[in-house]
Amino acid sequence: MGRVEIPQELAGALRKARRVAALTGSGVSAESGVPTFRDAYEGSGLWERFDPEELATPEAFARNPKLVWEWYSWRRELVAGAEPNPAHRALAELERRVPLFTLITQNVDGLHRRAGSENVIELHGNILRTVCSAERTPQEPGEESPPRCPRCGAPLRPDVVWFGEALPPGAMEAASEAARGCEVFLCAGTSGVVYPAAGLPREAAESGALLVEVNPEPTPVTPLAEFVLRGRAGEVLPALVAAAFPPG
Ligand code: BV8
């Protein structure tokens, strides 16, 4: 892909902004080799025939905790073997350059923090953390599948938010506050269909933020965006940060 063109007006707005917020989805981890949430896990063989939206539910876990546990174990292995990519690193650099930066992520892979981002709101939890499904206390999984809580015997589960489950207390409040208070809102690598996260770009735009979308494909966010940067986050985000904050 050739050089990414960043509109001067956008680079200037980012350079001058005091408060910036970003919402990321699984598309920013795609170039780390972590499959996006809705793409079939092509090449994964076993998991290709399952619909992630079916498995990421309390009902699936209640019906078949072993299957759901093993799906997450397989994804956890993928994530543990993945490295942050230039998209994650560009957002960590942006946090160092902007006075007030909030990173709101739907991703559960922990790659933003591994890239150096600090002010991160994990709206949907973190796949690398395991909790008791009854007490929600952090637990270290044993070898059995699914592992059981040493205290109460309930199956352990990943510390992620499943469909139909509430988001972590305070997460959406903090994310909404950042969306309403920022001058520039970046929306990168998300299909913009999962609520309540998907409501944040509109909330930012309606509060007067300059809304920017980074995605190779159009999404429901596209019509709301002032700037649409059609491309991969691993190329676009470093170009955007370099245009706003020229190195050297
Ligand atoms: C809740 C954790 C209430 C688990 C996830 C009908 C209408 C509206 C809403 C609903 C409805 N029916 C039900 C709902 C609510 C539901 C929802 O929104 N459903 C959707 C599907 C319609 N939401 C919920 O259930 C939420 N909870 O509402 O609770 C409540 C309140 C109080 C008390 C009790 C209950 C919980 C939602 C959280 C679900 N958990 N993940 C896990 O990971 O296993 S969501 C899951 O989707 C992932 O977290 C993922 O991050 C998220 C969003 O997906 P994306 O990140 O956008 O990924 P996707 O694959 O879709 O898209 C990738 C994008 O990247 C694409 O656009 C692609 O073009 C782009 N891309 C690809 N490569 C690149 C790229 N972009 C840039 N660079 C690249 N290289």
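Start inside: the largest nonpolar core has 32 residues, and Leu94 and Leu237 touch the most other members. Such a core is a set of buried Ala, Val, Leu, Ile, Met, Phe, Trp, Tyr and Cys residues joined through side-chain atoms within 4.5 Å, where buried means under 20% relative accessible area (1.4 Å probe, protein chains only). This is a predicted model, where local features need pLDDT of at least 70 and side-chain atom pairs count only at pLDDT 80 or more, while totals for chains, interfaces and linings use all residues. Residues are numbered from 1 along each chain as its sequence is written, and side-chain values use heavy atoms, leaving out hydrogens and water.

- Leu94 touches Leu14, Val20, Phe101, Leu186, Val241 and Phe245, not counting residues up to four places away in sequence; touching means heavy atoms within 4.5 Å.
- Another core, of 22 residues, lies apart from it, and Ala21, Ile104, Ala178 and Leu211 are among its members.

**Around the ligand**
- There are 35 residues around the ligand, and Arg38, Tyr72, Arg75, Gly164 and Ser191 come nearest (a residue counts if one of its heavy atoms lies within 4 Å).
- His124 has a polar side-chain atom 2.9 Å from a ligand oxygen atom.
- For Tyr195, a backbone N or O atom sits 2.7 Å from an oxygen atom of the ligand.
- In the side chain of Asn215, an N or O atom is 2.8 Å from an oxygen atom of the ligand.

Definitions and conventions:
Buried < 20%, exposed > 50% of the residue type's maximum accessible area, 1.4 Å probe, protein only. Polar contact = N/O pair within 3.5 Å; in protein donor to acceptor, adjacent residues only side chain to side chain.
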